[in-house]
Amino acid sequence: MAVLQMVDATKRYQGAAGERETVALNGFTCAFREGEFVAVVGRSGCGKTTLLNLAGAMDFPSSGEVWIDGQLTGGLDDAGLTRLRRTKIGFIFQFFQLLPTLSSVENVELPLLLSGAPNAREQAMERLAWVEMAGFAGRMPHQLSGGQMQRIAIARALAHNPKLLLADEPIGNLDTATGNMVLDLLRRASSEHGATVLMATHSAESTAIADTVIHLRDGAIEEVHRTACTC
Ligand SMILES: Nc1ncnc2c1ncn2[C@@H]1O[C@H](COP(=O)(O)OP(=O)(O)OP(=O)(O)O)[C@@H](O)[C@H]1O
Ligand SMILES: [Mg+2]
């Protein structure tokens, strides 16, 4: 079974008064297997963030279907959606979005506490060690570099072993060397943790190491390159 399957997913946004509606995603159909590392590329405004929001059940298609690990996102109530997001999905953003009043380890621990995991602190420390940030556990986000913050954010996103990791331009705000280190961690999240990684990106390095590259244009798939076809 595909970890993420989207069937003819379309997202329309009503513009401001007098504006035409925008079709941000237009009939997107694809399936992604466990451990698949997917890069989503295309010009600004082509629908990358829209696609990730639908894939993470942060938003819903105007028509069509999104299935996450066998669950239809549009068919879940609020409690079901919260459970799905807390157990199956991890998010990583361009500007890290760590909680500024929590230390590194507390940021990683928070999703574990919210989902009632036992040994939350221990698991959080394990994840910090995995991103080689154990020595920074007590630091506050403002005491970290951008690359260090992104490593904490990756540890947080992986804290609950999500099946699906969604990353919206995760290296867009980092220099090349730091970005490559973050990319390597995301690649290892798929190969070592078996997470299906869907990453919106502008970087050529990202597309070079992806199993699948999806080119979006005006909300639709223009081209797909895959090393192993499951579509
Ligand atoms: N909430 C919204 N209301 C109306 N239109 C929206 C909304 N969100 C996105 N759009 C429009 O949908 C289209 C796709 O936007 P999206 O953010 O998915 O693009 P993107 O590929 O992520 O762009 P970027 O590379 O700049 O981040 C754009 O035309 C955008 O203006
Ligand atoms: Mg975007």
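Which residue in E8 is the bridge partner of Phe37? Val197 is that partner.

**View 1. The whole protein, as a predicted model.** This is a predicted model, where local features need pLDDT of at least 70, side-chain atom pairs count only at pLDDT 80 or more, and totals for chains, interfaces and linings use all residues. Residues are numbered from 1 along each chain as its sequence is written, while chains are lettered from A and ligands numbered from 1 in the order in which they are written. The protein has seven helices and 10 strands. Helices (H or I, at least four residues) and strands (E, at least two) are DSSP runs, numbered from the N terminus. The radius of gyration is 17 Å, close to the 17 Å that the globule rule gives for 231 residues, so the protein is as compact as a globular protein of that length. That radius is taken over C-alpha atoms, and the rule is 2.2 Å times the number of residues to the power 0.38. The C-alpha atoms fill a box of roughly 50 × 40 × 40 Å along the principal axes. Of the 231 residues, 42% count as buried. A residue is buried if 20 or more other C-beta atoms, placed from the backbone, lie within 10 Å of its own, exposed if 12 or fewer, and partly exposed in between.

**View 2. The open sheet of six strands.** The strand order is E6-E7-E8-E3-E9-E10, with mixed pairing. Two strands pair if DSSP finds at least two bridges between them. Strand E6 (89-92) and strand E10 (220-226) are the edges, and each pairs on one side only. Neighbouring strands are turned by 15 degrees against each other on average, direction ignored. E6 and E7 are parallel, with four bridges. Here Ile89 has Leu164 in E7 as its bridge partner. Helix H5 packs on the sheet and touches E6 and E7; its direction makes about 170 degrees with that of E6. Axes are lines fitted to C-alpha atoms, for helices over the stretch in contact, and angles run from 0 to 180 degrees between N-to-C directions.

**View 3. Strand E8 and its two partners.** Five of the five residues of E8 (residues 196-200) are buried, so this strand is largely enclosed by the rest of the structure. Thr196, Leu198 and Ala200 point one way, and Val197 and Met199 the other way. Strand E3 (residues 37-41) runs parallel to E8, joined by four bridges. E7 also pairs with E8 in the parallel sense, over five bridges. Val197 in E8 stands opposite Leu165.

**View 4. Pro162 in its loop.** Pro162 is found between helix H5 (146-158) and strand E7 (164-168). Is Pro162 buried or exposed? Pro162 is buried, because 25 other C-beta atoms lie within 10 Å. Leaving aside neighbours within four places in sequence, Pro162 is in contact with Lys88, Ile89, Gly90, Ala157 and Ala195. Contact means that two C-beta atoms, placed from the backbone, lie within 7 Å. Leu52 is 110 residues apart from Pro162 along the chain, and their C-alpha atoms are separated by 15 Å.

View 5. Around the ligand are Tyr13, Thr22, Ala24, Gly42, Ser44, Gly45, Cys46, Gly47, Lys48, Thr49 and Thr50. Each counts as near if its C-beta atom, placed from the backbone, lies within 6 Å of the molecule. Strand E2 (22-32) and helix H1 (48-55) are the elements that give two or more residues to this shell. H1 gives the most, with three residues. By class, the shell has three nonpolar, seven polar and one charged residues. Ala, Val, Leu, Ile, Met, Phe, Trp, Tyr, Cys and Pro count as nonpolar, Asp, Glu, Lys and Arg as charged, and the others, Gly among them, as polar.

**View 6. Strand E1 and its partners.** Strand E1 (residues 4-13) runs antiparallel to E2, and seven bridges join them. Lys11 has Leu25 in E2 as its bridge partner. E1 also pairs with strand E4 (residues 63-68) in the antiparallel sense, over five bridges. Gln5 stands opposite Trp67 in E4.

**View 7. Helix H3 and its cover.** In H3 (residues 104-114), the buried residues include Val105, Val108 and Leu112. Their cover includes helix H2 (78-88), helix H4 (120-130) and H5. Just after H3, Gly116 takes a positive phi of about 70 degrees.
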